[in-house]
Amino acid sequence: MRQKIAYLISTLFTVPMVALLVFTIMWVDNSEENFNGNFYYYLNSIFFFTIVPLCAYIVARSFPKFKAGGREVERKLAFVFGIVGYVLGNISLMFMKKPTRAMIGLYLSYLISALILAFVNKVLRFKASGHACGITGPIVAINFIAGIKMIYLALLIPLVMWSRLVLKRHDLKQLLAGATTSFFVTLIIMIWIY
């Protein structure tokens, strides 16, 4: 039962799903300030930070070559598709009439955190947690964007970390590395922007 609950939590709080949650909270909380009231800006966020990264899981399960590689290949594809989405999302900001501080801050936070994590994973050969990174930074950001009323979302951080430990996907050091990376990257960017 514990394994099933951990798997459910881990699945619900993948990086793209957390992005969907955070951008939707931004829209519902104050669409005017966070997206200039422009639904296209909201959809742009969902496309580049949720849909493009989710394609990694579709590709990993649809092509025999990737399917045979198991979770490790799926993890690599998730990083690649995530970074591609974040780069394209940041480029898209340049074509918008008036992107908001919230969009710029969150878009940059995702991109810089992902690039650092990719470097740590690929070059330093340390398996820092994408799940921990993907839940911590956005929760820091939403507390800047929507206010401290969103602090309760911080309870999701230990819940997601617990799920990754139970599933034996990461150890505590790997989880803390992912969480610490996005915490500081996002904190610095949000202080700079806000």
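Which residues in helix 6 meet which residues in helix 9? Select Arg101, Ile104, Gly105, Leu106, Leu108, Ser109, Ile112, Ser113, Ile116 and Leu117 in helix 6, which meet Gly178, Thr181, Ser182, Val185, Thr186, Ile189, Met190, Trp192 and Ile193 in helix 9, where contact means heavy atoms within 4.5 Å. These residues divide into 11 nonpolar, 7 polar and 1 charged, with Ala, Val, Leu, Ile, Met, Phe, Trp, Tyr, Cys and Pro counted as nonpolar, Asp, Glu, Lys and Arg as charged, and the others, Gly among them, as polar.

This is a predicted model in which local features need pLDDT of at least 70 and side-chain atom pairs count only at pLDDT 80 or more, while totals for chains, interfaces and linings use all residues. Residues are numbered from 1 along each chain as its sequence is written, and side-chain values use heavy atoms, with hydrogens and water left out.

Now show helix 6 (residues 101-122) and helix 9 (residues 172-193) whole: they pack at an angle of about 150°, with their axes 9 Å apart; helices here are DSSP runs (H or I, at least four residues) numbered from the N terminus, and axes are lines fitted to C-alpha atoms over the stretch in contact, with angles from 0 to 180 degrees between N-to-C directions.

Finally, select Phe23, Phe49, Tyr86, Tyr107 and Tyr110, which ring pairs link into a cluster; rings of Phe, Tyr and Trp (its six-membered ring) pair if their centres lie within 6.5 Å.

Note on methods: Helix = DSSP H or I, 4+ residues; strand = E, 2+ residues; numbered from the N terminus. Phe/Tyr/Trp six-rings, centres within 6.5 Å; stacked < 30°, edge-to-face > 60°.
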